[in-house]
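Notebook open, model loaded. I have a few spots to look up, and I'll jot them down as I go.

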Amino acid sequence: MLIRQARVMDPVSGMDRVADVRICGDRIEKIGQELEIQPDEQVIEARGLVLAPGLIDTHVHFRDPGQTHKEDIFTGAAAAARGGFTTVVCMANTSPVVDNSETLAYCLEKGRKTGIHVLQAACVTKGMQGKELCDFSLLAKAGAAGFTDDGKPITDARLLMQAMEEAKKLDMPISLHEEDPAFVPGAGVNAGVISERIGYAGAMALAEDELVARDCTLAEHTGACVCMQHISSAGAVQLIREAKARGVDVHAEATPHHFTLTEEAVLEYGTNARMNPPLRTEKDREAIIEGLKDGTIELIVTDHAPHSREEKERPMAQAMSGITGLETSLALGIRSLVQPGHLSLMKLLECMSVNPARLYHLPVPRIAEGVKADLVLFGENEEWTASEFASRSDNTPFKGWVLPGRVHRTICDGRIVYSSET
């Protein structure tokens with residue numbers, strides 16, 4: 001395969017130039033100018049398009065096993081490929097949950113048949129009940145990418161300290177959903193002027209800030225590598241910034257919906273803007289962007305959370321929280337971060353590929369001769385409408401939005417796994 005005259009962007013080396021890229025087998029064979037077309041070589045004309053390392057999303061929910069009416073590993077992987085992702089890490093809150101080697105093996109085996117790299121995190125606690133730790137060593141040997149009870153906070157501080165110590169021994173990340181239930185009288189909507197207007201209790205920012213403060217302290221005490229998932233509040237951003245300044249091995253995620261929308265989206269999009277943690281104020285949104293700019297937040301993830309329409313069409317108090325995000329993530333990063341001048345495109349790509357790989361000790365994606373050909377080809381400012389989805393679900397406030405960043409090809413292990421032409 002020969003990709004001709006693409007703008008080749010590699011966050012690892014800093015390369016940003018127009019070049020031809022030849023792929024042979026699963027590797028990049030040659031990067032150069034006006035490479036001669038070989039017999040029977042597939043040629044992709046890419047003038048005006050960006051060629052970047054395949055994106056990595058370390059926070060997705062594929063609902064498999066147990067809730068495949070919302071998504072399964074195959075449809076989730078198809079959505080990932082359509083969004084430019086070549087690697088994903090699935091969360092463990094399936095049914096049954098991934099707290100044992102058998103369920104983990106099922107997920108990994110099915111993931112190997114998708115065409116992209118589907119990795120699987122395992123639970124921190126058995127049954128995600130927050131009472132007893134899983135066997136971290138056993139799950140690590142069975143192929144777990146990391147440990148998380150995402151979807152539920154771990155309220156027992158001593159148990160979490162023990163979990164961090166176990167993760168530290170294995171040199172693996174532990175990722176945390178930071179919402180103290182004591183300060184979440186109504187999930188999915190920020191406690192503030194909008195929740196008051198719709199007569200809903202809401203979730204306080206204090207719920208996030210309190211657990212982030214506690215867990216930064218625990219991370220400092222244990223030396224564990226800790227990731228604060230889907231940060232939503234200005235207070236949490238500052239707490240993580242201060243912990244990093246002390247040398248704590250703490251990391252943070254931001255989602256496109258949290259740096260694009262505010263709590264007011266609930267008025268327009270209803271339950272498609274209900275999520276945990278909730279969309280918060282403009283001050284919080286701006287703080288997340290500042291966190292991305294100064295490196296406090298290193299990862300952009302989707303928290304891809306598909307639900308059926310029936311589950312989303314319920315009243316706010318009964319509806320499920322979460323939105324799909326894999327197919328709009330790159331586009332929203334360009335729209336909300338690059339186009340306004342908050343981040344360079346290179347920095348966005350770093351947050352969506354290099355940094356997630358480093359946190360999870362994965363091979364760092366790059367464009368260089370001899371490395372695996374995991375790539376995405378897209379038009380940075382080319383507009384498209386988010387109207388059709390490869391995901392089994394379409395619960396997103398961004399449905400119908402006209403967005404930049406149209407993905408043309410996603411290539412994994414040297415094979416085209418998504419093409420906009422088919």
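I call two residues in contact when heavy atoms lie within 4.5 Å. This is a predicted model, so I use local features only at pLDDT of at least 70 and side-chain atom pairs only at pLDDT 80 or more, while totals for chains, interfaces and linings use all residues. Residues are numbered from 1 along each chain as its sequence is written, and side-chain values use heavy atoms, with hydrogens and water left out.

**His251.** I found His251 in strand S12, residues 250–254. Helices (H or I, at least four residues) and strands (E, at least two) are DSSP runs, numbered from the N terminus. Is His251 buried or exposed? His251 counts as buried because its relative accessibility is 15%; buried is under 20% relative accessible area, exposed over 50%, partly exposed in between (1.4 Å probe, protein chains only). Skipping neighbours within four places in sequence, I see His251 in contact with residues including Cys225, Met228, Lys244 and Leu359. Glu298 is also on that list, and its side chain makes a polar contact with the His251 side chain at 2.9 Å. A polar contact is a pair of N or O atoms within 3.5 Å; within protein, one must be able to donate a hydrogen and the other to accept it, and residues adjacent in sequence count only if both atoms are side-chain atoms.

**Glu282.** Next I checked Glu282, in helix H10 (residues 282–294). Glu282 is partly exposed, at 34% relative accessible area. Its side chain makes a polar contact with that of Arg285, at 3.0 Å. I also looked up the C-alpha separation between Glu282 and Gly66, which is 37 Å.
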